[in-house]
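Colleague: Could you walk me through how to read side-chain features in a model like this? I would like the general idea first and then the case at hand.

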Amino acid sequence: MNFTISSPANAVIGRYNLILQVTSGNKIFSRFLGQFVLLFNPWCPGDDVYLANENERQEYVLNENGIIFVGNAKYIEARGWYYGQFQDHLLNICLTMLDLSLYYRQDPVIDVSRRGDPKYVGRVISSMINGNDNDNGVLLGKWQGSFHSHENPSRWDGSVVILQKWRQDNYKPVQYGQCWVFAGVMCTVLRCLGIPTRLVSNFNSAHDVDRNLSIDKYYDSSGKSLNIGKDSTWDYHVWNESWFIRPDLGTSYNGWQVLDATPQEQSK
């Protein structure tokens, strides 16, 4: 007997058990046939992550190597980065990441039921890439002080060793990461799950802490700078963009969606 499985384009991603059930009279026979993993499919026109251009699919889904731009506007440095999304055990690590999230721990049924939605999965992954909110995240962020007891963020050159170390250490955050490291690892995980993803570097980045759409600086009457506000301007910042449609917002918002795993302020 030959049979074909056709999954809906919006099916929940993850691990599946395949069982054959045969009914004969009053008896039911079941046989376990095996397991398979279902991912997002950028080649499927019905999938929310469908990307029509084949060259872009090759670049933003299948390419395991990339360049991350860091530095400042006057001296931009290109760093090579190995995403390695198809390496051994990476898929299991990425799927386990979903099951370790606070979203899953709070309500497993609702969490799993939403895993066919790339918006939701992107938000869960962006939370899990950093471990600064005590959720078994992959990387702990650090921007000042000494790094001598752990890895200096500038020494990382790929995601695979970070994700493998996270698993080997029983899912304790790897120390340490900064924005380009968070972005590189997040790109690996999202591409592994089938979501087209790229990195974006911005130079002269405004960090508006109080959300009033301005960078506020304070001075005394003599012109001396006062260290009051927490707004700041960074030399550069790196984040991710993933490609999927936005039925919740309307077709004008379809396309590249911003996701930022760097831990600064907590969000929902």
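Modeller: We will go through aromatic rings, cysteines, a hairpin and one glutamine. Keep in mind that this is a predicted model.

Colleague: Let us begin with the rings. How is a pair of aromatic rings described, and how many aromatic pairs are there here?

Modeller: A pair is described by two quantities, the distance between the ring centres and the angle between the planes. The count here comes to nine aromatic pairs. One of them joins Tyr103 and Tyr120, with 5.7 Å centre to centre and 85° between the planes, which makes the pair edge-to-face. Tyr103 belongs to helix 3 (residues 102-106) and Tyr120 to helix 5 (residues 118-128), so this pair ties together parts that are 17 residues apart in sequence.

Colleague: Are those two tyrosines buried or exposed?

Modeller: Tyr103 counts as partly exposed, at 22% relative accessibility. Tyr120 counts as buried, at 9%.

Modeller: Phe147 and Tyr176 give another edge-to-face pair, at 5.9 Å centre to centre and 65° between the planes. This pair links distant parts of the chain, 29 residues apart: Phe147 is in the loop between strand 5 (139-141) and helix 6 (160-168), and Tyr176 is in strand 6 (residues 174-177). Phe147 is buried, with a relative accessible area of 16%, and Tyr176 is buried too, at 9%.

Colleague: Which residues form an aromatic cluster, and which arginines lie over the face of a ring?

Modeller: Tyr60, Trp243 and Trp256 form one cluster. Tyr60 also has Arg198 over its face, at 5.9 Å from the ring centre. Arg191 lies over the face of Tyr83, at 4.8 Å from the ring centre.

Colleague: On to the cysteines. What is a disulfide, and how many does a search of the whole structure find?

Modeller: A disulfide is a covalent bond between the sulfur atoms of two cysteines. The search of the whole structure finds zero. For Cys94, the closest cysteine sulfur is in Cys192, at 3.8 Å, which is too far for a bond. The cut-off is 2.5 Å between the sulfur atoms. Cys94 counts as buried, at 0% relative accessibility. Cys179 is in no disulfide either, and its nearest cysteine sulfur, that of Cys187, is 14 Å away. Cys179 counts as buried, at 7% relative accessibility.

Colleague: What should I look for in a strand, and how do strand 1 and strand 2 run?

Modeller: In a regular strand the side chains alternate between the two faces of the sheet. Here strand 1 (residues 14-24) and strand 2 (residues 27-38) run antiparallel and are joined by 11 bridges. Ser24 stands opposite Lys27 in strand 2. The hairpin has two residues between the strands, and Gly25 takes a positive phi near 65° there.

Colleague: Last one: where is Gln85, and which backbone oxygens does its side chain reach?

Modeller: Gln85 sits in the loop between strand 4 (75-82) and helix 2 (90-100), and it counts as buried, at 2% relative accessibility. Its side chain reaches the backbone oxygen of Val61 at 2.8 Å, and a polar atom of that side chain lies 3.0 Å from the backbone oxygen of Asn63. Not counting residues up to four places away in sequence, Gln85 touches several residues, among them Leu62, Glu64, Leu90 and Thr188. Its contacts also include Arg191 and Cys192. Arg191 is the arginine that lies over the face of Tyr83, and Cys192 holds the sulfur closest to that of Cys94.

Conventions
Residues are numbered from 1 along each chain as its sequence is written. This is a predicted model: local features need pLDDT of at least 70, side-chain atom pairs count only at pLDDT 80 or more; totals for chains, interfaces and linings use all residues. Side-chain values use heavy atoms; hydrogens and water are left out. Rings of Phe, Tyr and Trp (its six-membered ring) pair if their centres lie within 6.5 Å; planes under 30 degrees apart count as stacked, over 60 as edge-to-face and the rest as tilted. Helices (H or I, at least four residues) and strands (E, at least two) are DSSP runs, numbered from the N terminus. Buried means under 20% relative accessible area, exposed over 50%, partly exposed in between (1.4 Å probe, protein chains only). A charge sits over a ring if NZ of Lys or CZ of Arg is within 6 Å of the ring centre and within 35 degrees of the ring normal. Two strands pair if DSSP finds at least two bridges between them. A polar contact is a pair of N or O atoms within 3.5 Å; within protein, one must be able to donate a hydrogen and the other to accept it, and residues adjacent in sequence count only if both atoms are side-chain atoms. Contact means heavy atoms within 4.5 Å.
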